[in-house]
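Hi there,

Here is the structure I promised to pass on to you. My notes on what turned up in it follow below.

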Amino acid sequence: MAEARPVQAVDDVLVEVEGLAKLFDVSPPLLNRLLQGQKRVLLTAVDDVSFKIPRGKTFSLVGESGCGKSTVARLVVGLHAATRGRILFEGADMAGVTERAEAAALRKRLQMIFQDPYASLNPRWRVSDIIAEPIRAHKLIDGRRAIAARVGELLEQVGLAAADGEKFPHEFSGGQRQRISIARALASNPEFLVCDEPTSALDVSVQAQILNLMKALQRELGLTYLFISHDLAVVYHISDYVGVMYLGRLVEWGEAKALFRRPQHPYTRMLLDAIPDLEMTGRPRIPVAGEVPSPIAPPSGCHFHPRCPFAEERCRREAPQPLATAAGEVSCHAVAEGRLPEVERAAPPAATET
Amino acid sequence: MAVGENQQAGVRRGFATHLADGVRRFFHGDLWHSFTRSPVVMVSAVITVVFVASAIFAPLVAPYDPFDLASIDLLDSEIPPIWIEGGDPRFLLGTDDQGRGILSTMIYGARISLGVGFASVLFAMVLGVGLGLLSGYLGGTVDAIIMRIADVQLTFPAILIALLIDGLSRTVLPRDLHGEIWFYVLVLAIGLSFWVQYARTVRGSAMVERSKEYVQAAQVIGIPPLLIMLRHVLPNVMGPVLVIATINLAIAVITEATLSFLGVGVPPTSPSLGTLIRVGNDFLFSGSWWITIFPGAALAILVLAVNLLGDWLRDALNPKLR
Amino acid sequence: MSRTGTNQPLLQVENLRVEIPGRRGTLVAVDDISFAIGEGEVLGVVGESGAGKSLTGAAVIGLLEPPCRIAGGQILFDSRRIDNLPYEKLRRIRGRHIGMVFQDPLTSLNPLYTVGRQLTETILTHSDLSEKGARKRALELLQEVGIPAAERRIDQYPHEFSGGMRQRVVIALALCASPRLIIADEPTTALDVSIQAQIITLLKRLCRDHGAAVMLVTHDMGVIAETADRVAVMYAGRIVEIGPVADVVLRARHPYTEGLMGSIPLVGHDVDRLTQIDGAMPRLNAIPAGCAFNPRCPKAFERCRQARPELETVEATEAACWLYEEAPERSGTDG
């Protein structure tokens with residue numbers, strides 16, 4: 001049923017992010033500024049990010065800490081207000097929705113799953129109340145019994161028992177809590193889920209359970225995901241499209257399989273090289289040099305130039321513009337000038353075990 | 001109608017099972033365990049309970065009603081406790097200068113002391129927790145304004161604020177009204193000098209809770225800020241508040257006693273423990289030491305017991321010390 | 001220190017048992033485990049949270065936090081028992097011969113002293129170098145762990161370093177006394193992927209150059225595959241499989257290891273569903289009888305529910321699983 005669709009023909013876009021930017025004010029307090037003559041300090045967490053998420057697909061943002069991927073997630077669900085740019089949901093600007101009823105109608109269509117299963121559930125609430133919160137807030141169902149039935153149904157949908165609703169969060173393991181978190185997110189029948197590192201606090205075997213569950217739910221309910229992660233293998237497994245972020249900018253995005261096979265941007269290549277070799281192929285790894293600079297004073301031009309083996313004078317001077325590739329888009333002078341050796345990462349040998 | 005009743009019953013049954021659940025969890029919990037392991041804490045708890053119970057049931061417990069003029073005989077004045085020569089079996093701890101039994105006046109005095117203490121702690125708690133919650137959750141300008149007020153408040157000692165409010169109320173309000181509103185004046189005075197502690201504690205905890213993901217989840221769902229504060233943040237910041245409240249209760253009782261001792265608190269017609277100490281003080285050198293010593297000892301024991309309970313509660317609720 | 005008896009492993013753990021006494025009974029966190037690390041060998045200890053891997057590491061260096069305690073077995077370092085030594089003696093051995101690298105580099109460094117001072121002091125306590133010599137050695141160590149502009153950075157405080165650089169400093173600190181064994185507990189967990197790769201490469205190079213043995217405790221199979229020579233897989237306080245890293249990673253014998261490996265997504269592997277081990281690691285107060293893994297095991301049979309399997313040699317590795325016992329009962333499996 002999955003026909004190979006050309007990337008350009010993304011017709012049924014559910015969510016579109018256009019020129020999104022977020023600046024945080026990290027200045028010292030007013031009194032210190034006045035007395036010690038300190039200046040305002042602005043941190044550019046997200047810098048001119050644009051992407052589209054087709055309905056029913058998963059778009060992942062990947063990058064190291066401080067690259068702004070989580071901020072994008074929080075901007076999309078409205079936890080932060082964007083400094084610049086627009087977020088379009090089915091073509092309508094979400095910032096333009098000011099009327100209460102309209103905002104509530106929009107809210108229940110997008111939900112979020114958080115990273116830390118130990119912090120994302122109110123420890124003093126019963127699981128059934130936690131899951132019922134969106135139902136009650138949006139008055140989706142009336143009557144105690146009907147709500148209880150729906151909560152039980154949601155619990156079973158995520159692989160727990162309906163009777164678990166009587167318990168408190170501390171009675172569950174990390175993986176089970178993440179299931180509760182997912183059940184809460186599903187309670188308002190959303191179409192779009194923003195998942196902020198939903199498995200990075202979990203053990204691998206539990207991570208596999210949650211990833212399988214998320215994939216099954218996507219198929220069943222036709223969900224669209226914006227998936228945030230630092231783990232490239234997880235991203236490869238779950239995504240249809242991947243965007244790579246570095247210091248607030250989207251340096252490359254594209255169709256997942258194609259992007260991983262032919263990474264264009266030097267940073268993407270570097271990240272792929274850093275993945276531990278679990279297949280024991282003895283593939284030589286070129287350890288990546290340097291560390292992510294401070295986002296308060298990012299390097300000039302292309303932010304990646306101090307760590308880039310292909311950097312030239314132009315990279316230090318001028319920020320690269322997005323350029324269409326076979327998989328999607330890339331922002332790199334070296335790619336634009338054809339200075340980069342084309343790499344094709346050999347597909348790994350078919351799994352030998354089982 | 002029947003459906004409504006059914007639902008009502010459902011709610012009530014739900015509440016009862018929740019309550020039973022809560023009780024069961026309490027007795028199996030760490031708090032109860034650490035309580036049963038410390039004899040000092042158990043003794044403190046018993047003392048506190050005895051004080052509170054006898055204060056509540058004063059008319060039943062006290063041998064005489066010290067406010068009932070009919071039962072008071074001036075001829076009975078300054079009788080020493082029964083184990084001293086000249087003691088009267090009717091008055092276990094002796095009598096004061098007006099012939100009232102010390103034990104009875106103490107029990108009624110404790111009633112007033114604890115009443116003022118509880119009320120002012122409650123007032124300070126509601127005010128402080130409310131402002132702290134707003135300050136910590138909303139942040140920004142609201143936070144800055146509330147915290148600056150708190151800073152200014154902290155520069156005045158509690159007694160000074162109490163004296164100020166007492167003085168104000170005496171000048172602004174008609175004189176005869178004071179006999180009726182002294183209780184509210186005291187509660188206001190003591191409460192106002194305590195709220196900052198609650199506000200600061202709650203603000204700190206609320207700032208921590210606000211950044212937690214369950215609060216963000218509620219924001220994403222679209223719960224209004226006030227409801228998030230009350231339903232999500234408040235229950236999770238109340239632990240330290242209860243500890244402060246317990247310790248504050250002891251301080252409030254002392255503050256009331258101090259104010260009464262200074263003559264700006266409870267009027268002598270309905271004496272609190274502090275008033276008793278002040279009145280008895282005049283007779284200390286005339287040999288009738290029991291008039292002031294017994295209320296003083298009672299006050300010291302009560303405050304010590306409540307303080308010990310508060311200290312234990314703080315340690316027992318602190319996960320780092322467990 | 002006698003270095004004779006080369007056939008003796010450097011570290012030998014025998015039947016180690018770690019208990020946590022509590023008011024609702026005593027919990028067994030590490031249950032009768034044995035392993036050995038040879039000179040210059042890197043042993044990976046891998047397991048999910050609650051497997052007891054970190055407690056094993058802490059027990060070996062005598063850093064168990066009360067109420068946890070060693071309740072049985074013995075730990076031999078260079079053929080000498082160290083688990084029953086008085087604190088002072090153990091501390092001396094730990095300082096001289098066993099280095100430590102923890103997950104959070106911030107807590108391993110004193111924020112009030114410069115990096116150089118911490119290194120110099122550690123070097124001075126373990127050698128008879130002069131103050132100047134110690135500083136020179138500290139500088140060399142910083143250069144060795146790959147800190148750029150070490151001459152300038154040696155006089156900086158820990159907070160002036162980034163996470164990856166701090167972990168390098170901690171590694172330099174662990175190397176001060178030229179230890180023969182380094183215990184690294186989740187050394188890369190708090191770091192970004194690219195930094196993680198750098199630290200792994202560094203650890204590998206240092207072990208080779210210094211000939212130090214490493215006990216690498218981590219939950220990350222990728223780190224193990226990149227670094228370790230041998231690997232011990234822990235589950236519910238027990239070692240379920242131990243052997244050469246390539247054999248365990250590619251040809252896992254124990255159903256748990258097999259499931260664990262299958263549950264890791266890989267770039268380039270197009271699978272719709274990952275292999276899934278249902279359920280979760282049992283809590284310490286509810287460890288099942290028999291093989292602790294039996295309720296989650298797809299291949300469990302009657303025997304698994306009754307008796308606990310011991311480690312048995314299965315080709316290149318050792319696995320604790322009844323599947324590999326040469327017993328006639330095998331044919332009579334249920335389901």
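Between chain A and chain C there are 10 residue pairs in polar contact, both residues at pLDDT 80 or more. A polar contact here is a pair of N or O atoms within 3.5 Å; within protein, one must be able to donate a hydrogen and the other to accept it, and residues adjacent in sequence count only if both atoms are side-chain atoms. On the chain A side, the elements giving two or more residues are helix 7 (204–221), helix 8 (232–238), helix 9 (256–261) and helix 10 (266–274). Helices (H or I, at least four residues) and strands (E, at least two) are DSSP runs, numbered from the N terminus. Helix 7 of chain A provides the largest share of the side that touches chain C, with 10 residues. By class, that side of chain A has 24 nonpolar, 11 polar and 12 charged residues. In this scheme Ala, Val, Leu, Ile, Met, Phe, Trp, Tyr, Cys and Pro are nonpolar, Asp, Glu, Lys and Arg are charged, and the others, Gly among them, are polar.

Before going on, please note that this is a predicted model: local features need pLDDT of at least 70 and side-chain atom pairs count only at pLDDT 80 or more, while totals for chains, interfaces and linings use all residues. Residues are numbered from 1 along each chain as its sequence is written, chains are lettered from A and ligands numbered from 1 in the order in which they are written, and side-chain values use heavy atoms, with hydrogens and water left out.

The A–C contact (heavy atoms within 4.5 Å) takes 47 residues from chain A and 44 residues from chain C. Together the two chains bury about 3,800 Å², 56% of it on carbon and sulfur atoms; buried area is the accessible area (1.4 Å probe) that two parts lose on being put together, summed over both. There are three salt bridges between chain A and chain C, a salt bridge being a side-chain nitrogen of Lys or Arg within 4 Å of a carboxyl oxygen of Asp or Glu. Asp272(C) and Lys215(A) form a salt bridge at 3.5 Å, N to O.

Chain B also meets chain A, through 20 residues from chain B and 25 residues from chain A. That pair buries about 2,000 Å², 55% of it on carbon and sulfur atoms. Glu213(B), Val220(B) and Ile221(B) supply 35% of the area that chain B buries there, more than any other three residues. The salt-bridge count between chain B and chain A is zero, but 11 residue pairs are in polar contact, both at pLDDT 80 or more.

Arg177(A) is buried yet has no salt bridge, and the nearest side chain of opposite charge, Asp116(A), is 6.9 Å away. (Buried means under 20% relative accessible area, exposed over 50%, partly exposed in between, with a 1.4 Å probe and protein chains only; Lys and Arg count as positive and Asp and Glu as negative, with His and the chain ends not counted.) Not counting residues up to four places away in sequence, Arg177(A) touches several residues, including Pro117(A), Tyr118(A) and Phe172(A).

Lastly, some backbone geometry. Lys139(A) is not a glycine but has a positive phi of about 50°, and is exposed at 68% relative accessibility. A cis peptide bond joins Pro66(C) and Pro67(C), with omega about 10°.

Best wishes
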